[in-house]
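Colleague: I would like to learn how to read strand pairing and helix packing in a model like this one. Could we go through it feature by feature?

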Amino acid sequence: MTASRPTSSKLNHVYLNGRTLEGGGQLVRIAIGLSALTGRPVSIDHVRGNREGKKGLKRSHAAAVKLLAEISGSKVSGGEVGSQSLNFFPQSTRSKSGPLLDLSRVNVKSEYDIKLTTAGAIFLVFQALYPYLLHVGSQASAPFVKVNITGGTNATYSPSYDYASQVIVPNFAKLGLPPLSIILNKRGWTTGPVDLGAVTFLIHTLRSRHDPDGEYQLQESTEKESAAELLYSFPQINLMDHKRGKITQIDFTVLAPDQPTLNADADEGTGSTVRQFIEQVTRRTLRHEMKKLDSSMFAKRSNSTLSEGDSLSKLSAKNALVPITIHTSEATNHRSHVYILLVAHTSSGFRIGHDILGSMGGDRLSKPKNKGKQKQQPARDPRRDSQNEIAFSAAADLVRRCVDGFIGEISNESPNFQPDQKPDSTVKGSCLDSYMRDQVVVFEALGEACSAGGHDAETTDTETLEDERDWTLHTKTAQWVCRQILNV
């Protein structure tokens with residue numbers, strides 16, 4: 001995308017067809033976020049028009065629209081649940097020397113408390129607010145903006161707390177965005193019984209910059225307005241400036257019930273709970289599938305790494321290309337509360353992740369009867385045994401699917417790779433996983449828009465370009481929305 005300073009004729013109302021490309025909620029979140037940031041009114045027709053079932057705004061989308069409008073002082077029509085036409089009208093004025101709002105006319109608080117009425121995805125709501133608060137938060141009295149959100153921390157079709165904290169946060173920092181801290185106060189699940197969770201975000205704004213000693217400090221405004229605005233601009237991001245590096249270790253997170261347990265005569269691990277079973281199968285499946293990959297993808301291990309990790313890691317360290325360790329393992333209270341996350345650390349400092357949220361089937365956990373009675377063993381219940389078999393089979397299937405997806409992310413081959421196609425030396429894949437790639441698009445576009453007018457980057461014949469075959473439909477949708485509103 002070639003950057004150019006928008007002219008006055010381009011600052012008019014933006015009209016978007018909600019059925020474009022992926023045609024889901026992501027289009028809405030990015031559109032209203034950029035609308036609030038730039039002061040350009042946005043109208044969206046056919047909201048979530050490509051979604052199966054009910055169209056229009058879901059509760060989490062409507063909540064994001066309402067909250068961003070309140071924080072930014074914008075006006076909204078069509079923001080209710082089920083609405084298929086949305087109009088977002090920012091009230092703030094745009095800066096004369098840049099594409100974003102004039103900060104001198106923006107009011108922002110140091111803390112916001114957001115309470116969703118259902119276990120809607122906390123991180124989808126946060127996605128809509130984050131770019132705006134990064135920019136205007138510099139007007140807050142505190143060095144960071146604190147946002148407390150109640151809702152779902154582990155939700156379907158959205159980033160979990162675990163993925164956000166282990167993958168998104170370190171990758172954002174690596175790409176030059178200010179520090180972001182995420183504090184888990186309580187887990188909340190969108191699956192199974194309604195259970196609200198709570199998360200606190202500490203957003204260091206664009207006034208925060210990294211000094212040589214590794215500390216983030218608040219920059220003071222300079223006398224010249226142009227210099228001050230430059231300090232508050234989004235950083236330029238070019239993923240082709242970064243190397244993926246070699247994989248140095250793999251962490252995994254398991255959230256699952258401690259019931260049921262395997263029968264004493266089972267082969268997979270006598271007396272194992274379903275959570276322990278998932279841990280064991282995940283480690284074993286990972287080792288097996290990693291052996292099929294090119295060993296050059298992995299960093300060489302020193303002798304000292306063979307003694308690190310838990311006892312199970314020590315026993316299997318010699319058979320693993322890199323250390324495989326448990327990052328988090330927590331017991332949950334319902335069959336539908338099962339979550340697995342795999343994260344690869346790379347030598348260049350990036351994190352590549354893949355996760356899955358699923359269920360073991362059944363309505364409730366099967367707990368052992370006659371608890372505390374040791375002399376008399378209860379008669380085996382065939383129905384309970386059958387439910388347990390279904391549970392462990394479902395757990396094994398979740399592990400297999402998660403590992404398959406993770407292997408696809410860390411593999412050097414494009415998902416659309418064709419064996420008969422010659423490699424192009426001027427094209428390479430991203431240093432991020434496919435989901436993380438989606439999250440970066442908005443900040444790439446904002447950095448490009450903020451730098452427009454300073455100098456025009458010229459593309460040479462030898463410049464390395466990103467392999468577009470790796471882009472998902474979500475990535476392409478995000479890029480399209482950014483072009484419509486930012487003109488980059």
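**Strands, then helices**

Modeller: Asn17 stands opposite Asp45 in strand 2. Keep in mind that this is a predicted model.

Colleague: In what sense do strand 1 and strand 2 pair, and over how many bridges?

Modeller: In general, the strands of a sheet pair through backbone hydrogen bonds, either parallel or antiparallel. Here strand 1 and strand 2 are parallel, with 4 bridges between them.

Colleague: Which side chains along strand 1 are buried?

Modeller: The side chains alternate along this strand.

Colleague: How does strand 2 run relative to strand 4?

Modeller: Strand 2, residues 42-45, and strand 4, residues 85-89, run antiparallel and are joined by 4 bridges. In this pairing, Ser43 stands opposite Asn87 in strand 4.

Colleague: In what order do the strands of the sheet lie?

Modeller: The order is 1-2-4-3, in an open sheet of 4 strands with mixed pairing. Strand 1 (14-17) and strand 3 (75-77) are the edge strands, and each of them pairs on one side only. Neighbouring strands are turned by 15° against each other on average, direction ignored.

Colleague: Which strands does helix 2 touch?

Modeller: Helix 2, residues 59-72, packs on the sheet and touches strand 3 and strand 4. The direction of helix 2 makes about 15° with that of strand 4.

Colleague: Now the helix pairs. What describes two packed helices?

Modeller: The angle between their axes and the distance between the axes. For helix 4 (residues 161-174) and helix 9 (residues 434-451), the axes come within 11 Å and cross at roughly 45°. Helix 4 and helix 9 are therefore oblique to each other, and their crossing is right-handed.

Colleague: Which residues make that contact?

Modeller: Helix 4 contributes Tyr163, Val167, Ile168, Asn171 and Phe172, and helix 9 contributes Tyr435, Met436, Gln439, Val440 and Phe443. By class, the contact of helix 4 with helix 9 has 8 nonpolar residues, 2 polar and no charged ones.

Colleague: At what angle do helix 3 and helix 9 cross?

Modeller: At roughly 30°, with the axes of helix 3 (residues 122-136) and helix 9 coming within 12 Å. The crossing of helix 3 and helix 9 is right-handed. Gln127, Tyr130, Pro131 and Leu134 of helix 3 meet Tyr435, Gln439, Val442, Phe443 and Leu446 of helix 9. By class, this contact has 7 nonpolar, 2 polar and no charged residues.

Notes
Residues numbered from 1 in each chain as written. Predicted model: local features only at pLDDT ≥ 70, side-chain atom pairs only at ≥ 80, totals over all residues. Heavy atoms only, no water. Pairing = 2+ DSSP bridges. Helix = DSSP H or I, 4+ residues; strand = E, 2+ residues; numbered from the N terminus. Axes fitted to C-alpha atoms, helices over the stretch in contact; angles between N-to-C directions. Contact = heavy atoms within 4.5 Å. Parallel < 35°, antiparallel > 145°, perpendicular 65-115°, else oblique. Left-handed = near helix turned anticlockwise from the far one by under 90°. Nonpolar A, V, L, I, M, F, W, Y, C, P; charged D, E, K, R; others polar. Buried < 20%, exposed > 50% of the residue type's maximum accessible area, 1.4 Å probe, protein only.
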